[in-house]
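Hi everyone, thanks for coming. I'd like to walk you through a structure that may be new to you.

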Amino acid sequence: MTQTVAVLGTGKIGEALLSGMIRAGWRPADLLVTARRSERAQELHTRYGVESVSNPEAAKAADILILAVKPQDMGKLLDELAPHVTADRLVISAAAGITTTFIEERLTQGTPVVRVMPNTPVLVDEGMSVISAGSHATGAHLTTTEEIFGGVGKTLRVPESQQDAATALSGSGPAYFYFLVEAMTDAGILLGLPRAQAHDLIVQAAIGAAVMLRDSGEHPVKLREAVTSPAGTTISAIRELENHGVRAALIAALEAARDRSRELASGNG
Ligand SMILES: NC(=O)C1=CN([C@@H]2O[C@H](COP(=O)(O)OP(=O)(O)OC[C@H]3O[C@@H](n4cnc5c(N)ncnc54)[C@H](O)[C@@H]3O)[C@@H](O)[C@H]2O)C=CC1
Ligand SMILES: O=C(O)[C@@H]1CCC=N1
């Protein structure tokens, strides 16, 4: 039997997921969305043909609720949903930091909750969604979650204790690569290249490197060594990266993201 899925909160990640589900073959008639503004609801209807409803209506009508509001808005949303969510629903949260316990405590006793940390490459079906079961979620609930998120990229099950780390690496991960591309494009400009050309060169280097990382099975050190000729250009650059503590900066950055995810756990931010 076809299930109805509602996406509650259709900002950047909610819309990315919605668009991916439609590409993956979900019928707009089996999807619902909720949005705070009526213009946004209209926009989503025009783009995807999906119906917008209120949060309580979504809770009543949908078998699966995907919560994609900010962690700071989660408490309020759950208060709104609680009277309408029965324990035969599946609640999937995509919010950073928010624990399954936080959600379970606010909903009908026994409601299955799955925590997922997706990332924006779901927009191009290259997402990574890290999945953990709450205390009432069964293997079947995890499989359903994997079917939804697997349509827009890869999925990985982890114990919930690893979700804050996964958020730092994977949920936020694409942003670090965009930051690097931006910085390296600036470097290209300093070296005298037109911006558009610098951008294209760095983006293609990133794509080539990413495909080699994924497909060669080689360790990144091996791949880097293959680029690094004796007394050549690459080692001169690597020395500067090490001098400027880029490795330590990345470790500290991801630790900060992990810590922020932990802070968001209260839902107050
Ligand atoms: N942006 C990203 O790359 C990722 C975001 N997330 C998580 O997804 C959630 C949303 O993040 P973004 O999409 O970046 O934020 P966003 O601000 O773009 O989207 C949040 C949306 O929720 C709506 N909203 C808030 N309260 C609502 C309510 N009561 N009813 C209906 N809609 C409501 C807002 O109007 C907004 O459109 C956050 O919890 C974040 O941690 C998870 C993985 C990746
Ligand atoms: O920055 C954030 O809090 C969200 C969660 C992971 C990616 N974006």
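I'll begin with the overall layout and then turn to one pair of helices.

Please keep in mind that this is a predicted model. The chain is divided into domain 1, residues 5-159, and domain 2, residues 173-264. Taken over C-alpha atoms, the centres of domain 1 and domain 2 are separated by 33 Å. Where the two touch, seven residues come from domain 1 and six residues from domain 2. On the domain 1 side of that contact, you'll find four nonpolar residues, three polar and no charged.

Now for the later part of the chain. An unreviewed UniProt entry annotates residues 160-264 as "domain: Pyrroline-5-carboxylate reductase dimerisation".

How are two packed helices described? By the angle between their axes and the distance between the axes. The crossing of α8 past α9 is right-handed.

And which residues meet? From α8, they include Phe-177, Val-181 and Met-184; from α9, among them are Leu-201, Ile-202 and Val-203. Altogether, the residues of this contact divide into nine nonpolar, three polar and one charged.

Conventions. Residues numbered from 1 in each chain as written. Chains lettered and ligands numbered in written order. Predicted model: local features only at pLDDT ≥ 70, side-chain atom pairs only at ≥ 80, totals over all residues. UniProt positions renumbered as here; feature names shortened; annotations may be inferred. Left-handed = near helix turned anticlockwise from the far one by under 90°. Helix = DSSP H or I, 4+ residues; strand = E, 2+ residues; numbered from the N terminus. Nonpolar A, V, L, I, M, F, W, Y, C, P; charged D, E, K, R; others polar. Domains from an automatic or database assignment.
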